[in-house]
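These are my notebook entries on one chain, written while I looked things up in its model. I put down each term with its cut-offs when I come to it.

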Amino acid sequence: MKGILTKVRRSFSAHGVPIAQAIPRIPFEEVRTAGTGERPCILLDGMEGWPALQWNVEYLRERFGHMDVPVEISEGKADYRSMFDASFEAKRGKFEAGCLMKLDEYLHWFLIGKDAQKMNVRGYIAQCRLGDYLPELLEGVQTPSIDEVKTRLHEINFWLGPQGTETPLHRDPYLNLLCQIFGEKYVRLYDSKYSMEMYPFQNGLLRNTSQVDVENPDKHLHPQFELNPYWEGIIGPGEMLYIPQRWWHYVQSRTVSFSVNFWWNKST
């Protein structure tokens, strides 16, 4: 995992042109006044004053441990695609593929304790709607002061998981700000115009998800994937990643990681 950024920076197209480019890092104030635009960027200094930036795992356990949270249980890298794999049924032991548990229990099993790791099972609190499960957590975050976010906000979610957690390459129908509270995440994005080369599943709940293993793509099954340019970067505490609507994105936690994201609708 440590070497993924180095590895992808050495990738080149068939014409010798580097495929990867760094996601621009710009002051939040530039986007606050000009709007988000059509390209991804990492926004700096946009989370100043968030109480949540002072939180850690122990604080979450003490403050919110009694509350129920939905947990995705999957194999290996906490890649939700394995939840749909029948062969995983026999491996996850006491856990259901998707289940509710107390936050305290989740932290014990998946972030603090080692038992689940020995089973090669990971748990990820992913896309958990704050208003439904942990409304009290809203006391620690602030809706970004961007007009389009405040006026067209669709949903606020939070994400909490161990080191090595992956969200596979996928796209969403909304504009997105991913706000990092603690820990670090590696992110990679592909323009929506390359959608066919992302090899999405053709039916069911995974239609917005790529079949490709980003770290180890199969050149025989997905020959066009590695020919496409992409943007990449690492976000740390206090930084926001802007993801344009329907852009494909892959996310990997480099450490224990806690994030909040804001989805909003594009203007009509």
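**Entry 1: N157.** I looked up which residues N157 touches once its neighbours within four places in sequence are set aside, and I found Q127, C128, R129, L130, S259, V260, N261 and W263; a contact here means heavy atoms within 4.5 Å. N157 itself sits in strand β7, where strands (E, at least two residues) and helices (H or I, at least four) are DSSP runs numbered from the N terminus. With a relative accessibility of 0%, N157 counts as buried; the scale calls a residue buried under 20% relative accessible area, exposed over 50% and partly exposed in between, using a 1.4 Å probe and protein chains only. I also noted a polar contact of 3.5 Å between the side chains of N157 and E155. The term covers a pair of N or O atoms within 3.5 Å, of which, within protein, one must be able to donate a hydrogen and the other to accept it, while residues adjacent in sequence count only if both atoms are side-chain atoms.

**Entry 2: what kind of model this is.** The model is predicted, so I kept in mind that local features need pLDDT of at least 70 and side-chain atom pairs count only at pLDDT 80 or more, while totals for chains, interfaces and linings use all residues. Residues are numbered from 1 along each chain as its sequence is written, and side-chain values use heavy atoms, with hydrogens and water left out. The chain has a mean pLDDT of 86, and 82% of its residues reach 70 or more, pLDDT being the predictor's confidence in each residue, from 0 to 100. Over residues 1–10, however, the pLDDT is below 50, and this stretch has 21 contacts in the model beyond near neighbours in sequence. The pLDDT also stays under 50 over residues 90–94, which have 10 contacts beyond four places in sequence.

**Entry 3: salt bridges.** How many salt bridges does a search of the whole structure find? The search finds 10, each being a side-chain nitrogen of Lys or Arg within 4 Å of a carboxyl oxygen of Asp or Glu. In one of them, R63 pairs with E139, with the closest N and O atoms 3.0 Å apart. R63 lies in helix α3 (residues 57–64) and E139 in the loop between α6 (130–133) and α7 (147–152), so this pair ties together parts that are 76 residues apart in sequence. R63 is partly exposed at 29%, and E139 is partly exposed at 42%.

I then looked at R254 and E184, whose closest N and O atoms are 3.2 Å apart in another salt bridge. R254 is in the loop between β13 (248–253) and β14 (257–264), and E184 is in the loop between β9 (175–182) and β10 (185–190), 70 residues away.

**Entry 4: a sheet.** I traced an open sheet of five strands in the order β1-β11-β10-β13-β8, with mixed pairing; two strands pair if DSSP finds at least two bridges between them. β1 (20–22) and β8 stand at the edges with a single partner strand each, so one side of each has no neighbour in the sheet. Inside the sheet, β10 and β11 (residues 230–235) run antiparallel and are joined by five bridges, and K185 has I235 in β11 as its bridge partner.
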